Amino acid sequence: MTIYSQLRDLAFAAVIALAIASAAFVSARDKDVAERQLALANRSAAALAAGQAAIAAHGGLVGPALASPAHPFLKHRAIREPGGAWQPLHDKLIYDAATRFDRDHASGWLLADGTGRAIAVVPHGDELAIAVTDPAKPAPYPLLVMIGVLGLALALAAAGALAGHRALGTFAGVAALAVPPLLWSSWLAASAIALVAAGLALAQRRGLTDQLADGMRRHRTAVGFVAPAAIAMVVLVVAPFVIGLVLGFYDHHQGTWTFVGIDNFAEILSGGGRALDDPLNFWFILGVTVLWTVCNIALHVTIGVVLALVLSRSWLRGKGVFRMLLILPWAIPNYITALIWKGMFQGEYGAINSLLHALGVSGVSWFSSWATAFSANVITNTWLGFPFMMVVALGALETIPKELYEAASVDGANAWQRLRHITLPHLRPALGPAVALGSIWTFNMFNVIYLVSGGKPGDSTNILVTDAYRWAFERGDRYGMAAAYATIIFAILLLWTVFGTRIVRAKGADA
Amino acid sequence: MTRRPNLAARICVYAALIVLVAIVLYPVMLVCKKAFEPGPNFALSASPVPHAVTLGHFRTLFGARGSGGELMFLRHTLNSVVISLATTAVGVALSCTAAYALSRFSFPGRKTGLTTFLVVQMFPATLLLLPLYVILDKLGLLNSVTGLVLVYSTTAIPFCVWTLKGYFDTLPRELEEAARIDGASPWLIFRRIILPLARPGIAITALFSFMTAWNEFIMASTFMTDESRFTLPVLIQSSVGQYSADWGLFAAGAVVTSLPVMVAFYVLQKYLVGGLTAGAVKG
């Protein structure tokens, strides 16, 4: 029995340790390949510069960029083997390498296409010796080493259990798995595995692992039922989320990631040296986002509640038809709504300006000033969002007992007093959660901002989510920056859900 | 319950309602008009009535051919259908049992699990966009149907868990208790009693899940950059892109793409409100 639970605990930790070790292997291997290939490329380029043939690489001596006589804006280069004749250069890799060297004197780098090819440039007079290595053959995964170490771990753990020192046995066993990373000099991975080993040994000492296993056994039906969704969530949500957190500490440039600590967060939160009214300053965007959320929620709730009150009058005819027509905006996919409104706001002759002309008002160039562009976004999102609040309010109104109104009438309460003291308090419990949910949706209403104003004019109407997206995909692939942004947005949302919605709900509860 | 106000007040209320309905209908009518009106510009006149009627935009939309001569609209529709169906299948299949367990069993971690599903469902998937992009890029799954289905599953699974859990909560427990007394295992009870009972709830959840995937734009446009992999939203957005805007084509596409989901929405909307707010109230 002890042996069984010992092996169970070991297996659990071994899976984690093996994952860490494998990641360490891959990264060590990639680093090794990069170093070797770069050295090879450099030697080859040096050989070319010295007039010898390239070693395990192709390339040649490249001439300076010359303007083409027929097309003065087009440049071309020529290439030759050492001692050979000049030929037009058609290899885009080599051409780009020469251009990059001319621009920033980069002398060697690894291609970002995953083939493990390296390129090196060595100046030679006014020519450049450029060599591109062949694709690298990565070392195979050390399967035998891993199996051997696992066997050792098993033996150690079992010995520990038999000798009556379970925790010591598992610690030694799991720590044995840290040996291969040590061999690849991945100190980080080795210490992570050691930490796992220590954590497991401690948990074992306190009997936590047995408790956990016992709990799983007792609730094994529930565990089995929840497992599919739980595993999927760990793989699809938790893992990307953690990776996103980590990426926030890196800088991404042309396919290479560099660890930069908290630089991204510091740049964002300090505004990056930009003025407070600079559209790229985080605090400016946060201000726009909050204003955007508040304006929208206020409009949605006001319009929604007023409409719900009107639609719930007993004398009103055609309620069903009105309700059906008024929820139409909710039924339309929101990217289509956003694009329709973008079209309507567009240009001198858009539908909105034509209507304004018909009313005798001169047209507005909607996306050339902040206020009008922001209003265009708010108008679109209000059109889109009020039906949700209306439907929620209508549902809540139906639940108010009619006797309350009758009693109030008997007591001589007027319409305003009935609204103030009966209707609104009964609306709050339903509207609270709806406002909490709606505020999160609006805070992140990507499609409207991205498709209607697109941040115009000059990125000033972006909200946090669209700005994060632009860092990732429209401002030179600054993935690290975008990841840091997403982390900050997540923190804001979390604070809001924990505290903000509590306020909204508390108000609903004590009313 | 309340007194009937006088005639003038009633006329004002009706007039205000009709104006609001007009504001709501106007953009929709403009799009319908543009779908049938010749020419690529959106609205040279504010009138919602077309000055001439043509089916040309629909013909262009359905007839566009790719480099290999294949019908592009058919292709994009197929992409959208396959991706939405697969997402729904993954979402429902993985979440049925979990939703049942969260509704009926008590076990440690139940509350944490519920909160996690709720938070993931409420928070926008765009927060995960970047890490998902980097991961799918590493795995070579950009521009692939599998990749986008995995991305959509991140929201579909928590959504299905919460909606189905809400539905299971409304089912009576007497049948299960009777079956348990007769010695049926939890799995048997789930398969033979709960699943058949929950069919309507599962169908509705599946439809919503399908509609969400069908209407998704930004993930699809980020992950599917190859034109043959576009889904319908990406196609529609690209028809009014930065450099060439053909609003006629856009309108035709918008009408064709949104009509089915709008019909579904009208049929199902009463279930949607309940599910959404129930989740928020109980969380």
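I note that the model is predicted.

How far apart are the end C-alpha atoms of helix α1 of chain B? I read 41 Å. The helix runs over residues 7-36, which is 30 residues. At 1.5 Å a residue, α1 of chain B should span 44 Å, so the two values agree.

Next I looked up burial in α1(B). P27(B), V28(B), L30(B), V31(B), K34(B) and A35(B) are buried. An α-helix has 3.6 residues a turn, so residues three or four places apart point the same way. I kept that in mind when reading the list.

Then I moved to chain A. Which residues does a cis peptide bond join? I found K456(A) and P457(A), with omega at about -5 degrees. P457(A) sits in the loop between α18 (446-453) and α19 (464-473) of chain A.

I checked D459(A) in the loop between α18 and α19 of chain A. Its phi is near 65 degrees, a positive value in a residue other than glycine. D459(A) has 18 C-beta neighbours inside 10 Å, so I log D459(A) as partly exposed; the buried class needs 20 or more.

Last, I turned to D477(A). Where is D477(A) placed? I located D477(A) in the loop between α19 and α20 (479-510) of chain A. D477(A) is not a glycine, yet its phi is positive, about 50 degrees. I log D477(A) as partly exposed because it has 15 C-beta neighbours inside 10 Å.

Conventions: Residues are numbered from 1 along each chain as its sequence is written. Chains are lettered from A and ligands numbered from 1 in the order in which they are written. This is a predicted model: local features need pLDDT of at least 70, side-chain atom pairs count only at pLDDT 80 or more; totals for chains, interfaces and linings use all residues. Helices (H or I, at least four residues) and strands (E, at least two) are DSSP runs, numbered from the N terminus. The expected span of a helix is 1.5 Å times one less than its number of residues. A residue is buried if 20 or more other C-beta atoms lie within 10 Å of its own, exposed if 12 or fewer, and partly exposed in between; C-beta atoms are placed from the backbone.
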